[in-house]
Amino acid sequence: MRVLVLGADGFVGRRVVAALALADWATPIAGVRRDGSATRRVLDATDEAAIAGVLPGIDAVVNCVTGDRRTIVRNAAALFAAARDRRIVHLSSMAVYGAATGRIDEDTPLCGRSDGYAAAKIAAERLARGVPDTVLLRPGCIYGAGSTQWSLRIARLLAAGRIGDLGAGGDGCSNIVHVNDVVAAILAALADAEQRGPFNLAMPDAPRWNGYFRAFAHALGTVPIRRIPAWRLDVEARALAVPLKLAESLTRRAPPPIPPSLVRFWRRDATLDSARATRALGIGWTPLDTGVAEAAYWCATRLGRRHAP
């Protein structure tokens, strides 16, 4: 099976290409924006003609493209128009459920009032509805080596003592999923032509955010972690988020901001149910200690820290 991977130079896309290269049933073709070669195709993944131009000889497409709202929607429109006769595995997000709480399975209605990132992901899924051989994957918070959002940012905040035990502020379910499990789901969806989805992807019994922070701090060697009072987190989110975001855009050395949306996210009572993916795709979920150890080692090398034994 010749598989075109769009967004192949991104966090998940790189892992997908590597896993397909090791499989005895697939040959990956990396779709990138530059540096083409025999196994890499340079193309604009938001351009229908560009995608159509590389499809001859391609059996399936994995879509790992991310970006701002405009990029996500344009990419989906181009892909589902150009490759509607191919098998497509499309990486969506749990963001499509909006602010839903409680246990969330694949039958939970998508949020109709979303904007920004969530709205773009919902729009992309709607574009996929007319393409019959499409599998939608809705991962939670993807962590692991290479994750700047749910691994490196968390490590930087822990190392600076800006997060730790958040009390009730960290009691929301983390809904984390290791990148290797996302890749395993993608390969399973490619290999089994009967699967359609959608599938939620999050480790069963995912820890609360406080548990994830403690496990990460232990792996980084930054224990014991500090107890962060609610008032301090709220002040930082309200008063410092904007200037820190501006500083982050100007220099990589600026401390990461903690926006109010993230504070709300850590408190949110919502659990992603991934039982369907466990059964249909046969995912053997990465244990928390294994996944965090791998992520922490990668983060430590970027923070200039000596990794804990």
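Helix axes are lines fitted to C-alpha atoms over the stretch in contact, and the angle between two of them runs from 0 to 180 degrees between their N-to-C directions. In this predicted model, that description can be applied to helix H5 (residues 148-159) and helix H9 (residues 260-267), whose axes come within 15 Å and cross at roughly 100°. Because angles of 65 to 115 degrees count as roughly perpendicular, H5 is placed roughly perpendicular to H9. On the H5 side the contact involves Trp150, Arg153, Ile154 and Leu157, and these meet Leu262, Phe265 and Trp266 of H9. Sorted by class, the residues of this contact of H5 with H9 comprise 6 nonpolar, no polar and 1 charged.

Helix H5 also packs against H7, here at an angle of about 75° and with the two axes 10 Å apart, so that H5 and H7 are likewise described as roughly perpendicular to each other. H5 contributes Trp150, Ser151, Ile154, Ala155 and Leu158 to this contact, while H7 contributes Trp209, Tyr212, Phe213, Phe216, Ala217 and Leu220. The contact of H5 with H7 has 10 nonpolar residues, 1 polar residue and no charged residues.

Several of the residues named so far return when the aromatic side chains are considered. A search of the whole structure finds 9 aromatic pairs. One of them joins Trp209 and Tyr212, whose rings are 5.8 Å apart centre to centre with 75° between their planes, an edge-to-face arrangement. Trp209 and Tyr212 are separated by about one helical turn, because they stand 3 residues apart in helix H7 (residues 209-220). Trp209 is buried, with a relative accessible area of 0%, and Tyr212 is also buried, with a relative accessible area of 0%.

Trp209 and Tyr212 belong to one aromatic cluster, which is formed by Tyr143, Trp150, Trp209, Tyr212, Phe213, Phe216, Phe265 and Trp266. Within this cluster, Trp150 has a further neighbour in Arg153, whose charged end sits over the ring of Trp150 at 5.3 Å from the ring centre. Trp150 and Arg153 are both among the H5 residues that meet H9.

Elsewhere in the chain, Ala119 lies in helix H4 (residues 116-128), and because its relative accessibility is 13%, Ala119 counts as buried. Ala119 and Arg69 are 50 residues apart in sequence, yet they are 7.7 Å apart in space, C-alpha to C-alpha.

Definitions and conventions. Residues numbered from 1 in each chain as written. Predicted model: local features only at pLDDT ≥ 70, side-chain atom pairs only at ≥ 80, totals over all residues. Heavy atoms only, no water. Phe/Tyr/Trp six-rings, centres within 6.5 Å; stacked < 30°, edge-to-face > 60°. Helix = DSSP H or I, 4+ residues; strand = E, 2+ residues; numbered from the N terminus. Buried < 20%, exposed > 50% of the residue type's maximum accessible area, 1.4 Å probe, protein only. Lys NZ or Arg CZ within 6 Å of the ring centre and 35° of its normal. Parallel < 35°, antiparallel > 145°, perpendicular 65-115°, else oblique. Contact = heavy atoms within 4.5 Å. Nonpolar A, V, L, I, M, F, W, Y, C, P; charged D, E, K, R; others polar.
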